[in-house]
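Me: I would like to learn how to read a protein model. Could you take me through it feature by feature?

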Amino acid sequence: MREPRTAPAAWHLQHSRPESLVSYFDPWQPVARQLDMLANRFRTVKALCDAQVDSLATEHAALADLRDSLAFHLLRACVWWQVDFSPHAVTGLQATSFMKYVRRHTDRFVDDDTLLDVMTWQHYMHRADSGHIMVTGTDPLCRGNTTIVYGIDGHRGFRFAMQRAGQKLEWNDITHTDFVASCLNARALHCLIETECTAIGEWDLAREEHIQASRHYTQHFRTATQANPVERYATALDQLSRCQSRFGRFEFENIVNHMAFSVVQTAHERGISIADMLRHGTDRTISPRIAGSLKKRARGHITTGTDPLRHAELEALLDQVETGFALSGRS
C-alpha cells in the first residue's frame, strides 16, 4: 500500500478510516501494526488538515472529521490494549490539544461519547460499580449456540458474558485490565460450554503468556526510548522460547520482532553497528550469529508491525545499519 503523491487527501479519505485499520475484537491482529497505523495516519492527516486550513479545498471538512476520528480511535486502542499513551510523545501535541480533536469526534457520535466517558471520567457510569457495565460488542469469531458479549464496568475493567437465545445475560465476575485478557478467558469458557473442549490447557497457557506479553504492550510507544534495547530484546527472545501456546507464540513473535527493530533503530541513531550494540548492550553471552537474525526480525517487524505507508522509509533505515559481524554473512 503506497499513498499516491497526486491526491493524498482523497486517498486518505478512502484508505485511512479507523474501521479499516483496527480490529478491536480480533486478538489475532498484531497490536503493534494497528497502533502504528492509527498514530501514523493521525499525524499524516493532521498535517494535511493544517496545510488546507487557509485554502478552499473541498476535502477539508471531511478530512478534519477523519483526523478527529483517528484521534479518538488512537486513544481507544491504547485503553483497549492497556498501552501507556502520551499525546505529546506520540503525536507531538499537548494533551489538551489532542483531546480537542477527540472531543470533536465524540460530539458527533453519541456511542463513542459514551465509550470515551466509560474509559476516562465516567460521568455517566456508576463509578467504581462493578455491576454497572457498558456493552462494547460481541465476539465475531465464536461459533455455536452461545454468544460472547464484551463490556467495560465502573472500574474501567474489561468484562465478558455468555448469552444463549432467550436467556438472561450473565456477566462473569472476573475483571480484566485489557481486552485481549478478557477475550482469552471468554473463549476458554465458551470452548468448555460448547464443546467440552479437552484442550482447555491451551487456553490456560495462552492466558498466562498474555500476561507477560501485555507488559510489553504497555510500553509500546516507549520502546524506542528505553535505555537498554538489547536487554529488552534478549528478555523477549527468552520469553518466546518458553511459550507453549499458539497464541502466546504469535504474540511474542511480534514482540521480539519489535524489540529487534528497536535495537537496529538505536544503532542507527548512534551511528554504530548491530555488533557494537550487542557487545555493549547486555551482560548476557550473545552469539555473533544473532546479528544477522536480529536484522531479519527487524524486517519482520516492518512487514507485520508497522503502517505500510512507512515501509520504504523504515527499510531504508535498516539498509543503512551495518551488521558488523563477519560470521553473519550479512551487512
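Reply: We go from the whole chain to single residues. First, this is a predicted model: local features need pLDDT of at least 70, side-chain atom pairs count only at pLDDT 80 or more, and totals for chains, interfaces and linings use all residues. Residues are numbered from 1 along each chain as its sequence is written, and side-chain values use heavy atoms, with hydrogens and water left out.

Me: How many helices and strands are in the protein chain?
Reply: Helices (H or I, at least four residues) and strands (E, at least two) are DSSP runs, numbered from the N terminus. The protein chain has 14 helices and four strands.

Me: What share of the residues counts as buried?
Reply: Buried means under 20% relative accessible area, exposed means over 50%, and partly exposed lies in between (1.4 Å probe, protein chains only). Of the 331 residues in the protein chain, 50% count as buried.

Me: How do I read a pair of aromatic rings?
Reply: A pair of aromatic rings is described by the distance of the centres and the angle of the planes. Rings of Phe, Tyr and Trp (its six-membered ring) pair if their centres lie within 6.5 Å; planes under 30 degrees apart count as stacked, over 60 as edge-to-face, and the rest as tilted. The structure holds 15 aromatic pairs. Take F42 and F98: their ring centres are 5.5 Å apart and their planes stand at 75 degrees, so this pair is edge-to-face.

Me: Where in the chain do F42 and F98 sit?
Reply: F42 is in helix α3 (residues 31-52) and F98 is in helix α6 (residues 95-106). F42 is buried, at 0% relative accessibility. F98 is buried too, with a relative accessible area of 0%. F98 also pairs with F85: the ring centres are 5.3 Å apart and the planes are at 65 degrees, so that pair is edge-to-face. F85 lies in the loop between α4 (60-80) and α5 (87-91), 13 residues from F98.

Me: Which residues form one aromatic cluster?
Reply: Y24, F25, W80, W81, Y150, F158 and F179 do. A charge can join the picture. It sits over a ring if NZ of Lys or CZ of Arg is within 6 Å of the ring centre and within 35 degrees of the ring normal. The charged end of R76 sits over the ring of Y24, 3.7 Å from its centre. The charged end of R76 also sits over the ring of W80, 4.6 Å from its centre.

Me: How do I read a helix?
Reply: An α-helix has 3.6 residues a turn, so residues three or four places apart point the same way. Now check a span. The expected value is 1.5 Å times one less than the number of residues. Helix α6 has twelve residues and reaches 16 Å from its first C-alpha to its last, close to the 16 Å expected.

Me: Which residues of α6 are buried?
Reply: They are F98, Y101, V102, H105 and T106. Seen down the axis of α6, these buried residues fall within an arc of 140 degrees, so they line one face of the helix. The arc is that of the directions from the helix axis to the C-beta atoms. The cover over them includes α3, α4, α5 and α7 (110-119).

Me: In what order do the strands lie in the sheet?
Reply: Two strands pair if DSSP finds at least two bridges between them. Here four strands form an open sheet in the order β1-β2-β3-β4, with antiparallel pairing. β1 and β4 (170-171) stand at the edges, each with a single partner strand, so one side of each is left without a neighbour in the sheet. Two bridges join β3 to β4. M162 stands opposite E170 in β4.

Me: What is in contact with V149, leaving aside its neighbours within four places in sequence?
Reply: Contact means heavy atoms within 4.5 Å. V149 is in strand β2. Its contacts include V135, R159, F160 and W171. V149 is buried, at 5% relative accessibility.

Me: Where is Q122, and is this residue buried or exposed?
Reply: Q122 is in the loop between α7 and β1 (133-138). Q122 counts as buried, at 2% relative accessibility. Its phi is near 55 degrees, a positive value in a residue other than glycine.
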